[in-house]
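Let's take a walk through this structure together, starting at one residue and then stepping back to the whole chain.

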Amino acid sequence: MLPLNGILIVSMEQAVAGPFCSNRLLLAGARVIKIERKGGGDFARRYDVAAKGDSSYFIWLNQGKESIGLDLKEKEDKKIFLNIVKKADVFIQNFAPNTMKKLGLEKKVLKNVNPKLIVCDISGYGSSPLLDGKKSYDLLIQAESGLIDISGSPKGIGRIGVSICDIGAGMAAHSSIVESL
């Protein structure tokens, strides 16, 4: 038996940080339900076609997860989502800043539905008033942190080949969730 057997994770995630986090929870035994956009899903599904026509990044980070496509602007789909959240132990999201607020699904709303819910918002810049609303992505964080300046080759600077900042954010989120559990 794995340590997180019986734990339900609901995740609205895309790209790397959120999927990396929930993947590690899944590997520890948790059940993960990934909420994707109806009709398009996680854009990481289209990063490449290296895994027999599927995205290698997507397969790496999402294998074994359950998935449902919802349009959370539609009343019925929002109701389905909230019914799932009602039964969850953890909710993870790594969408652009203010996305959850625009959908009317910010932390206080989710906690009203499920007071015991652990909510993990993964953000590149946190909630600082100076950076509120600023979108981030791995390459940008590598550049702003100076990581690009110390990598590359003699011919020029370059990003680290993998999304190391996103992976680090996913690892930090994972450890925070495990501590909260």
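## A serine in a loop

S163 sits in the loop that links α6 (138–145) to α7 (164–180); helices (H or I, at least four residues) and strands (E, at least two) are DSSP runs, numbered from the N terminus. This is a predicted model, in which local features need pLDDT of at least 70, side-chain atom pairs count only at pLDDT 80 or more, and totals for chains, interfaces and linings use all residues. Residues are numbered from 1 along each chain as its sequence is written, and side-chain values use heavy atoms, with hydrogens and water left out.

Is S163 buried or exposed? S163 counts as buried because its relative accessibility is 9%, where buried means under 20% relative accessible area, exposed over 50% and partly exposed in between (1.4 Å probe, protein chains only).

## Its surroundings

Setting aside neighbours within four places in sequence, S163 is in contact (heavy atoms within 4.5 Å) with V16, Y57 and D138. With Y57, the side chain of S163 also makes a polar contact of 3.5 Å. Such a contact is a pair of N or O atoms within 3.5 Å; within protein, one must be able to donate a hydrogen and the other to accept it, and residues adjacent in sequence count only if both atoms are side-chain atoms.

## The whole chain

Stepping back, the protein chain has seven helices and five strands, arranged along the sequence as β-α-β-α-β-α-β-α-α-β-α-α. Of its 181 residues, 40% count as buried. Among contacts between residues at least 6 apart in sequence, 67% join residues at least 24 apart. The C-alpha atoms fill a box of roughly 55 × 45 × 35 Å, taken along the principal axes.
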